[in-house]
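Thanks for making time this morning.

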Amino acid sequence: MSIAFKVYVRCANCQKDYGCRLEPPEAEDTPADIDELLESNFLRDQRFTCQDCESPIGTVTGVKMLRDEQLVKTQELCF
Ligand SMILES: [Zn+2]
């Protein structure tokens, strides 16, 4: 069973939204759902970069979770 996340990020500089696919490596502390992903060091270690202005500062606005490429959960985040 493979788990992947699609993370949606809004650029703090140009306000553009972009998506980034994350596939956590299989490990004991692999995030198993969206809440765990949001609290994980794995997500904190990710570096998102805007494709338009290359700003590395972004806010996560939503996450989709995929299990074996099937969408299992969508979470919108409000800031
Ligand atoms: Zn940007």
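Before I point at anything, one convention: strands here are DSSP runs of E with at least two residues, helices are runs of H or I with at least four residues, and both are numbered from the N terminus. Two strands are said to pair if DSSP finds at least two bridges between them. What you see is a predicted model, in which local features need a pLDDT of at least 70 and side-chain atom pairs count only at pLDDT 80 or more, while totals for chains, interfaces and linings use all residues. Residues are numbered from 1 along each chain as its sequence is written.

With that settled, let me start with strand S2, where aspartate 17 stands opposite arginine 10. S1 and S2 run antiparallel and are joined by 6 bridges. The hairpin that these two strands form has 5 residues between them, and there glutamine 15 takes a positive phi near 65 degrees.

On to the next pairing: strand S1, residues 3-11, and strand S3, residues 58-67, also run antiparallel, with 9 bridges joining them. Within that pair, lysine 6 has lysine 64 of S3 as its bridge partner, and phenylalanine 5 has methionine 65 of S3.

Which order do the strands take in the sheet? It is an open sheet of 4 strands, ordered S2-S1-S3-S4, with antiparallel pairing. Strand S2 (17-22) and strand S4 (70-76) are the edge strands, each of them pairing on one side only. On average, neighbouring strands of this sheet are turned by 25 degrees against each other, direction ignored, where the axes are lines fitted to C-alpha atoms (for helices over the stretch in contact) and angles run from 0 to 180 degrees between N-to-C directions.

Stepping back to the whole chain, we count 2 helices and 4 strands, and read along the sequence they follow the pattern β-β-α-α-β-β.

Now to the loops. Glutamate 54, found in the loop between helix H2 (41-44) and S3, has a positive phi of about 65 degrees although it is not a glycine. Is glutamate 54 buried or exposed? A residue is called buried if 20 or more other C-beta atoms, placed from the backbone, lie within 10 Å of its own, exposed if 12 or fewer do, and partly exposed in between. Glutamate 54 has 10 other C-beta atoms within 10 Å, and therefore it is exposed. Aspartate 68, in the loop between S3 and S4, is likewise not a glycine and has a positive phi of about 50 degrees; with 9 C-beta neighbours inside 10 Å, aspartate 68 counts as exposed.

Finally, the interior. Buried residues make up 11% of the 79 residues in the chain. If we take contact to mean C-beta atoms, placed from the backbone, within 7 Å of each other, then valine 9, leaving aside its neighbours within four places in sequence, is in contact with residues including Tyr18, Cys20 and Phe48.

Key
Contact = placed C-beta atoms within 7 Å.
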